[in-house]
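Please have the sequence and the 3D view ready.

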Amino acid sequence: MKIYEELKRRGLIAQVTDEDEIRELVDNGKAVFYIGFDPTADSLHVGHFMALCLMKRLQMAGNKPIALLGGGTGMIGDPSGKTDMRKMLTVDDINHNIECFKKQMSRFIDFSEGKAMMVNNADWLLDLNYVELLREVGAHFSVNRMLAAECYKQRMERGLTFLEFNYMIMQSYDFYMLYQKYGCNMQFGGDDQWSNMLGGTELIRRKLGKDAYAMTVTLLLNSEGKKMGKTEKGAVWLDPNKTSPFEFFQYWRNVADADVIKCLKMLTFLPIEQIEEMEAWEGSQLNKAKEILAYELTKLVHGDEEADKALDAAQKLFVSGGVSEDMPTTQIPAELITDGKVSLLEVLVLTKLCPSKRDARTNIAGGGVSVNGEKITDENAQIEIGEYAVIKKGKKSYHKITQ
């Protein structure tokens, strides 16, 4: 089975500009394609994960990926899928985030011997002359068509700044420059990027008289239609210092039954035939499928050793009720401890099991918190740490505390 057919069977393809041409390019290793990553944080997150996996799949099939880091577009902010304007970043922030991205991307993409490229759009965007841009590029964009684009529609009522309105032009210009500089003939992105990507293919056609292609990837949504990769603590990060390998493992181990097969297809590199056999699994078999999903993805992001540790810690906690040295652990500051005890409210917030004391009180009152296996319903409880204590919130969130 060739790569395009596999992408379809895995449910990854959402929209394409020219299916026959795209199939021909990717199946024969002729695609020089790019995916853009705006450096808005110091780590990639689950939202980027599928893009990285797609780049890896296509590179394995002989195609050449370009990871475009948005040192320029990151200074504007993409309004797609957003309800509010993004926080403005400094040049130093953006450059720091780019360096963090580079390290993480190398786990997925082989940048050796010209097999892939990593470029920064600041190299051409930051030196643009405004009047020249208006004349050379702006003349090819219809404001009416831009305002009709889905990425702008949802922002119109809340207010769309002229700064953000330029994002489509900047992204289109990226494709135009990558085509000229590196022979980039395809762009991939999330389905919410479709309008921006079409802008790029149209600019290349108008300015150069050449054909370029675009394909969007199905957004990773759960069975409720919400983007995956968010928890009460915020985003699920690929940086182990922001989301530990155990927490990363647990996120995927706890996906809904309705989502596990879809995630296996879209994110893992297990043979599609093996995953399709799992579609008939029910009951306890689905828990096994979730464990496979969590292990495979943790291995991809953090390596075999960390995946083994996370699996072992999860099995000790959830199967035997034991404690693992690899489970999330927080040392309680001495100033919070009195006679070997600490406030349960303080612990729940400090360990980030709860985002606030109000949320902690709600969970305690609802019977959702236990300490060393004993349910606690008193919000004023002081818990004894001893050598350690294990806090459990809900059915699946565990944390060990020490002093």
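The model is predicted, so local features need pLDDT of at least 70 and side-chain atom pairs count only at pLDDT 80 or more, while totals for chains, interfaces and linings use all residues. Residues are numbered from 1 along each chain as its sequence is written, and side-chain values use heavy atoms, leaving out hydrogens and water.

**Salt bridges**
- Side chains of opposite charge can pair when their charged atoms come close.
- The structure holds 20 salt bridges (a side-chain nitrogen of Lys or Arg within 4 Å of a carboxyl oxygen of Asp or Glu).

**Pairs within a helix** (a DSSP run of H or I, at least four residues, numbered from the N terminus)
- R206 and E202 form a salt bridge at 2.9 Å, N to O.
- These two, R206 and E202, sit 4 residues apart in helix 11 (residues 194–208), so about one helical turn separates them.
- E202, R205 and R206 are linked in a network of salt bridges.
- E306 and K309 meet in a salt bridge at 3.8 Å, N to O, and both lie in helix 16 (residues 304–318), 3 residues apart.

**Around R57**
- R57 belongs to helix 3 (residues 46–60).
- R57 is buried and has no salt bridge (buried means under 20% relative accessible area, with a 1.4 Å probe and protein chains only).
- The nearest side chain of opposite charge to R57 is E6, 4.4 Å away (Lys and Arg count as positive, Asp and Glu as negative; His and the chain ends are not counted).
- E6 does form a salt bridge with R10, at 2.9 Å between the closest N and O atoms, and both R10 and E6 are buried.

Notes
Buried < 20%, exposed > 50% of the residue type's maximum accessible area, 1.4 Å probe, protein only.
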